[in-house]
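The sequence and the structure come first.

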Amino acid sequence: MKIQFTFDESAKDFVLEAFGKITDEEGYIVEQANRAQRVLTRDGEQIRKANFAGVIKGSERYIKSDLVSLIDLCDDLHKGN
Amino acid sequence: MSGFFDHLKSLIHIDLSGLKSAKVSLFSGNKDGSLVKIDRSDHSVHIQLNVASSQLDDPKKRHQLLSAIHNAVLETPNQPILEDYALSVVEDITKTEQDIQNEAPQTFEYFEDKIPSADLPILRAALYIRSVHQRGLQVWQMKSDIMERYGTRGANIANLCSAGYFESQLKPMYEELATRPNFSRQLFIDNYNVIVDSAPFAVFIGRSRSVDNLVKEVEQKLQINKKYGIAQMNIHAIGAENVHKLNLLLQDTRIMQYFVSEPALTSQGAVMNVQIFF
């Protein structure tokens, strides 16, 4: 059965916790086990919690909430269907 | 059966028989509120999980839920966890691109092998933005995303696309150049680059632009166009605030002095397009 997982703004920290991530003092998402290591998107961009849109399988891919990133995500979701 | 629910039997009590789809929504509500709210219909179920619930103060239960989410997302292809807004945009992009494909399939496909490949994601996003705007929705944040990622060139492509220039100007330009014996794709790209880098025959009124700043741009482009024998230019404004600025611009004596005839105005709601002649 296909499950659609969503979260709202208020649950972002919990979702990040599920993937072993927290935010640093500048608002960037970092590894909980190594706070000097900022999480990168597939394009190599650091990502702030404010721009965090979700996670998808593909090693562990973090998605930004800007339009071009979401169009990329659409392509990946459709390729998999 | 789903591994996700198998792992959470002690937290979520649900009969999965007959279910074809499930939506699991995480939110952080009242600490005293219940952890799980289940809304079931015949073949689907919506489960809302209050991650602030005191039931998750139990480290074992918290770990159980965290690892179930982690595993469900990372062990299943195409099963992301998405923020609500992102999901709504992804669903809308999917639907809109299908509509664009049905209604105006040519634009993206036409330019796909003609413009630089680095511009293709921008054009695709710009076509989506145009469609969102045509539905009367706000697009400034999306345009700002493009600007942030691709700079002025990205903003110009989005603006040119919004104003229909890919169909009304760039496509005819390609068709015309393609008739020349010395035609090459690079010849088109050179001309295309002039247009997308400086948008010489159009001015777009933006939220962050002052009237003085716009007067300078219009004057500058007008001088360049005159030099090349082009005697008209288009000015576009979307949104009430920008339409107001455009009206102020047209009444500015620094611009009016160049007019050889009355500007041609077309206005529809909060969208105004003006052609000036000089």
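In this predicted model, helices α9(B) and α10(B) cross with a right-handed sense. The contact draws on V211(B), L214(B), V215(B) and V218(B) from α9(B). From α10(B) come K245(B), L248(B) and L249(B). By class, the residues of this contact are 6 nonpolar and 1 charged, with no polar residue.

How do the two axes meet? They come within 10 Å and cross at roughly 60°. Angles of 65 to 115 degrees count as roughly perpendicular and those under 35 degrees as roughly parallel, so α9(B) is oblique to α10(B). The table sets out the two partners.

| Helix | Residue range | Contact residues |
|---|---|---|
| α9(B) | residues 211-227 | V211(B), L214(B), V215(B), V218(B) |
| α10(B) | residues 240-250 | K245(B), L248(B), L249(B) |

Now the whole chain. Chain B has 11 helices and 8 strands.

The box around the C-alpha atoms of chain B, taken along the principal axes, is roughly 80 × 45 × 30 Å. How much of chain B counts as buried? The share is 29% of its 278 residues.

Take the contacts in chain B between residues at least 6 apart in sequence. Of these, 55% join residues at least 24 apart.

Notes: Residues numbered from 1 in each chain as written. Chains lettered and ligands numbered in written order. Predicted model: local features only at pLDDT ≥ 70, side-chain atom pairs only at ≥ 80, totals over all residues. Helix = DSSP H or I, 4+ residues; strand = E, 2+ residues; numbered from the N terminus. Buried ≥ 20, exposed ≤ 12 C-beta atoms within 10 Å, placed from the backbone. Contact = placed C-beta atoms within 7 Å. Axes fitted to C-alpha atoms, helices over the stretch in contact; angles between N-to-C directions. Parallel < 35°, antiparallel > 145°, perpendicular 65-115°, else oblique. Left-handed = near helix turned anticlockwise from the far one by under 90°. Nonpolar A, V, L, I, M, F, W, Y, C, P; charged D, E, K, R; others polar.
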